[in-house]
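Open the model in your viewer and keep the selection tool ready.

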Amino acid sequence: MMTPTTRRGQYRNEYLAALAATSSLVASVACAGWSSPAIPMLRGPDSPIPITADEGSWIVSLLSIGALFGPIACGLLVDRYGRWKVLMGSALPIVTGWVMIAFAQSIGVLYAARLLHGFGYGLAYSVTPIYLGEISSDAVRGSTGVLVTVMAKLAFLLQYSIGPYVGFRALAWISLAFPALFCVVFAWMPETPYYLLARGDDQAAASSLRWLRRDEAIISELGRMRKLVEHSKQTTSNPLGQLFAPTNRKSLLIILLLSLGMQLTGINAILGYSQTIFSRLALPLSAAELSIVLALVQLGSVMLPTFLVDRTGRRPLLLISTAGSFVGLTTCAVYFTLDNAGELSPEPGAAHGWIPFVAVLVFIVSFAVGLATVPFAILGEVFPKHIKAMANTVFAVITSAVVFSVVKLFQVISDGAGTYVSFWIFAGCTAVTGVLIYYIIPETKGQSFERIQEIMQRAIAGLLVLVSLLPTSQEAEIDCNSLRMGQFLCPDPSLRQIDPRTQQLYGCTKENKARVWCIAADGIVCSETKNASFTRELPCKWTNGYHFDTALLLSVFLGMFGADRFYLGYPALGLLKFCTLGFMFLGQLVDVILIATQVVGPADGSAYIIPYYGPVITVVRSDNWTYRLPQDNCFAVSLTTCLPSPARLSCACIDAIAIAVVRQFANRIYDALLAAIGHNWE
């Protein structure tokens with residue numbers, strides 16, 4: 001996709017709001033990372049609250065149980081009280097939980113604190129994608145969605161790096177600073193325009209959108225938002241039933257695939273038991289140090305999709321991610337299989353000890369590139385507004401349930417059958433996920449909400465894909481670059497692809513071509529994008545900052561001093577006109593004509609910038625190879641067409657022939673004069 005030329009800092013406020021909103025995930029995910037350094041402290045000899053191994057496992061697991069209720073609360077509250085209030089409210093249970101841990105004297109208080117942490121964790125993870133999806137413009141929605149995972153991995157790194165070096169209660173007080181900082185920063189951010197429109201506050205919605213876009217020209221976008229909101233109000237009854245309606249069937253299939261596919265790779269089990277896994281490797285670094293390295297690599301990896309998701313697209317990143325994850329998991333499975341069979345040397349420091357660690361890093365990097373980040377970007381796009389909250393609730397509940405099951409079963413299977421069995425299961429699930437992504441997930445890069453909803457509502461037979469692994473849509477999948485006139489619209493009218501400053505296509509090059517997004521007719525699926533959108537090169541006029549009105553005004557009022565020629569980049573002619581007073585005003589008059597007819601343009605070969613679309617004159621010349629379409633009127637050159645009968649020639653035909661002859665003669669003289677004058681003056 002081409003990258004539209006945007007003014008400097010156009011998306012600054014959108015990124016600020018996204019960073020402030022996703023800082024809630026630093027506060028909430030820190031609760032998940034807390035158990036890694038805290039459990040060894042609680043089980044150590046100087047524990048403030050001595051616990052058993054079973055009690056420690058419950059401390060870890062209760063977070064997932066509490067997280068089941070956060071999405072439910074989100075679904076009930078987010079459309080009633082707004083995205084901003086619910087997101088701010090997610091900090092309250094987290095703050096309460098940290099205070100309880102800081103003063104805890106019994107295991108029961110820790111259990112209650114972990115349940116509160118889980119509730120806040122699930123609430124923040126549910127409402128944040130909704131907020132991001134509704135404040136972000138089409139061009140940056142993928143990048144802001146990726147911030148969800150970036151902030152989550154930052155929270156893990158902070159807990160892994162701080163926890164081992166401070167006390168149990170000190171860690172709780174330090175962690176309390178994360179939700180406090182979020183509240184201070186997010187308090188200045190606006191509510192989403194979609195929610196404000198749904199509440200009937202058009203003025204506040206316009207103010208919010210104006211601040212986010214940093215632009216006064218928001219009328220068209222606000223109108224599209226209002227249209228979506230009005231459509232949502234007509235279908236607000238029974239959102240759960242709407243979620244399972246046939247028109248949302250493919251979107252529901254996507255949410256199930258992404259939520260299951262993310263967790264069945266075993267990411268949470270591997271991260272949760274990373275020290276246990278690494279303790280079996282005889283390497284120079286300790287298991288704790290290897291875990292910190294893992295967290296650093298993970299944080300660096302999830303930043304890559306922030307810059308790639310709006311350039312590369314969602315589907316390519318997901319497919320690359322599943323392929324790399326499969327390679328890493330399979331390598332670990334093979335290694336632990338051979339180790340379990342006694343085929344590997346048990347000597348400490350053996351070179352093969354680095355193989356599983358590197359394989360885990362490959363898995364972490366690959367997972368972060370797509371599976372860890374892109375699902376949150378897609379989740380904010382594929383559902384209509386009126387059921388988006390319910391969809392996020394379903395996504396979060398499924399994710400929490402699967403996380404709890406995977407983490408618990410990993411230890412059970414590893415203790416009962418061997419670690420290699422768990423890795424083989426993870427590798428197999430990842431392979432299946434990759435196949436399903438290829439057949440099911442559409443490309444939503446650069447698409448407006450309206451266009452995405454059209455794509456989602458076309459493929460109502462999507463659930464059958466889950467069973468047959470084959471696409472069941474009746475749409476024809478072809479190479480859309482071979483479509484003929486009438487089978488597509490180019491550029492796509494639902495996208496803003498005309499630069500308002502130049503009135504030309506975004507990304508117009510010096511070769512006077514621009515690659516734009518087009519839309520195929522209903523029933524056509526493009527093989528390159530798996531939806532109805534495709535790109536095509538269109539002719540355009542390359543501009544380089546020279547305005548037609550400025551050049552013409554300079555020519556009329558200051559042409560005798562050569563100001564027009566200086567402006568257009570002809571300093572020699574400008575100096576000559578300045579010294580001769582525009583050739584005694586004759587040269588000024590000629591230049592006014594040449595600039596007005598756009599025969600003379602900027603010296604660099606660019607076109608004029610004209611403040612309305614399609615004003616540039618295009619000179620069409622004919623030669624001996626030009627085909628003239630025969631016409632059934634007297635303006636044709638052939639005399640026979642004007643003869644009603646062989647014996648009589650009408651006066652109308654005589655006049656028409658005379659006019660045609662004079663016009664042809666005048667056109668030839670005009671072309672010759674323009675060519676001569678333009679050549680001499682340029």
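Select Asp 591 and Lys 577: their side chains meet in a salt bridge at 2.7 Å, N to O (a side-chain nitrogen of Lys or Arg within 4 Å of a carboxyl oxygen of Asp or Glu). Asp 591 lies in helix α28 and Lys 577 in helix α27, so the pair ties together parts 14 residues apart in sequence. Helices here are DSSP runs (H or I, at least four residues), numbered from the N terminus. This is a predicted model, where local features need pLDDT of at least 70 and side-chain atom pairs count only at pLDDT 80 or more, while totals for chains, interfaces and linings use all residues. Residues are numbered from 1 along each chain as its sequence is written, and side-chain values use heavy atoms, leaving out hydrogens and water.

Both Asp 591 and Lys 577 are buried (under 20% relative accessible area, 1.4 Å probe, protein chains only; exposed is over 50%, partly exposed in between).

Next, select Glu 134 and Arg 83, which form a salt bridge at 2.9 Å, N to O. Glu 134 is in helix α6 (residues 107-135) and Arg 83 in helix α4 (residues 83-89), so this pair ties together parts 51 residues apart in sequence. Glu 134 is buried at 1% relative accessible area, and Arg 83 counts as buried at 1%.

Finally, select Phe 566 in helix α26 (residues 563-568). Phe 566 is partly exposed, with a relative accessible area of 40%.

Notes:
Helices (H or I, at least four residues) and strands (E, at least two) are DSSP runs, numbered from the N terminus.
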